[in-house]
Amino acid sequence: MAWHAWMESYGYLGIMVTLMFPFLPSEVPLAYAGYLVHTAQSNIVLMLLVAVFSFVVSQNIFFTIGQLGSERLLGRVFKLFRISETRMVQFQQQMEARGRFILLLSPMWRMGFAVGAGLTGVSRLTFTLATTVSFFVWSAFFIWGGKKLGHGMNGRHHDFHQYTPWIVGLLLLLGVYLYVRKKRMLKK
């Protein structure tokens with residue numbers, strides 16, 4: 001059964017299971033969850049709560065693996081989820097250089113951040129709070145986006161000109177970020 005059929009057939013439980021197992025990028029099922037909200041198969045508040053709960057539980061499982069896992073278990077997890085040891089070293093260096101605020105970027109590399117945070121000795125409370133905040137924003141963005149795209153697909157909006165300022169703004173922010181990052185790299 002495909003992941004989207006699983007989500008439709010089992011409702012919130014299907015969505016929870018789909019989001020808890022990180023074999024699929026979270027953006028895809030979250031956007032589809034937004035589409036399900038648009039078709040009135042789901043409630044947006046409940047969908048957001050289910051998504052955040054799913055992420056926090058799965059992240060805490062990987063955090064525990066990083067915190068308590070043996071070398072053998074960590075090796076298997078790294079191999080299964082294609083996490084390189086060099087990425088783990090880079091994450092640890094980022095934690096030392098940037099502090100705990102780096103955890104707010106955890107939706108971008110879910111398992112790696114969780115395992116890395118467990119390895120570096122971050123407190124579970126700090127990790128869980130950062131994960132909850134970051135995944136709430138991440139989930140709200142993609143669920144809302146999926147809802148809006150579903151609205152546009154049904155022929156109610158034939159153009160996306162109303163989204164142009166947002167797209168241009170995001171592209172400008174990305175450009176500024178890349179420019180600042182390049183300047184910092186050149187200084188080193």
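**Exercise 1. Work out how many helices and strands the protein has, and in which pattern they follow one another.**

Step 1: The secondary structure comes to 8 helices and 0 strands, where helices (H or I, at least four residues) and strands (E, at least two) are DSSP runs numbered from the N terminus.
Step 2: Reading along the sequence gives α-α-α-α-α-α-α-α.
Step 3: Keep in mind that this is a predicted model, in which local features need pLDDT of at least 70 and side-chain atom pairs count only at pLDDT 80 or more, while totals for chains, interfaces and linings use all residues. Residues are numbered from 1 along each chain as its sequence is written, and side-chain values use heavy atoms, with hydrogens and water left out.

**Exercise 2. Describe helix H2 and what follows it.**

Step 1: H2 covers residues 27-38, 12 residues in total.
Step 2: From first to last C-alpha H2 reaches 16 Å, close to the 16 Å expected at 1.5 Å a residue; the expected span is 1.5 Å times one less than the number of residues.
Step 3: Now look for its buried residues (under 20% relative accessible area; exposed is over 50%, partly exposed in between; 1.4 Å probe, protein chains only). They are Pro29, Leu30, Tyr32, Ala33, Gly34, Leu36, Val37 and His38.
Step 4: After H2 comes Ala40, with a positive phi near 65°.

**Exercise 3. Find the residues that touch the most other members of the largest nonpolar core, and the elements behind this core.**

Step 1: A nonpolar core is a set of buried Ala, Val, Leu, Ile, Met, Phe, Trp, Tyr and Cys residues joined through side-chain atoms within 4.5 Å.
Step 2: The largest one has 19 residues, and Met7, Ile15, Leu19, Leu30, Met47 and Ile143 touch the most other members.
Step 3: Helix H1 (3-20), H2, helix H3 (44-68) and H7 each give two or more residues to this core, and H3 supplies the largest share, 7 residues.
Step 4: Apart from this core lies another, of 18 residues, including Phe62, Phe63, Met111 and Phe127.
Step 5: Zoom in on Leu19: leaving aside neighbours within four places in sequence, Leu19 is in contact (heavy atoms within 4.5 Å) with Ser26, Pro29, Leu30, Ala51, Ser54, Phe55 and Arg110.

**Exercise 4. Is Ser134 buried or exposed, and which backbone oxygen does its side chain reach?**

Step 1: Locate Ser134 in helix H7 (residues 124-153).
Step 2: Ser134 has a relative accessible area of 7%, so this residue is buried.
Step 3: The Ser134 side chain reaches the backbone oxygen of Ala130 at 2.9 Å.

Methods. Polar contact = N/O pair within 3.5 Å; in protein donor to acceptor, adjacent residues only side chain to side chain.
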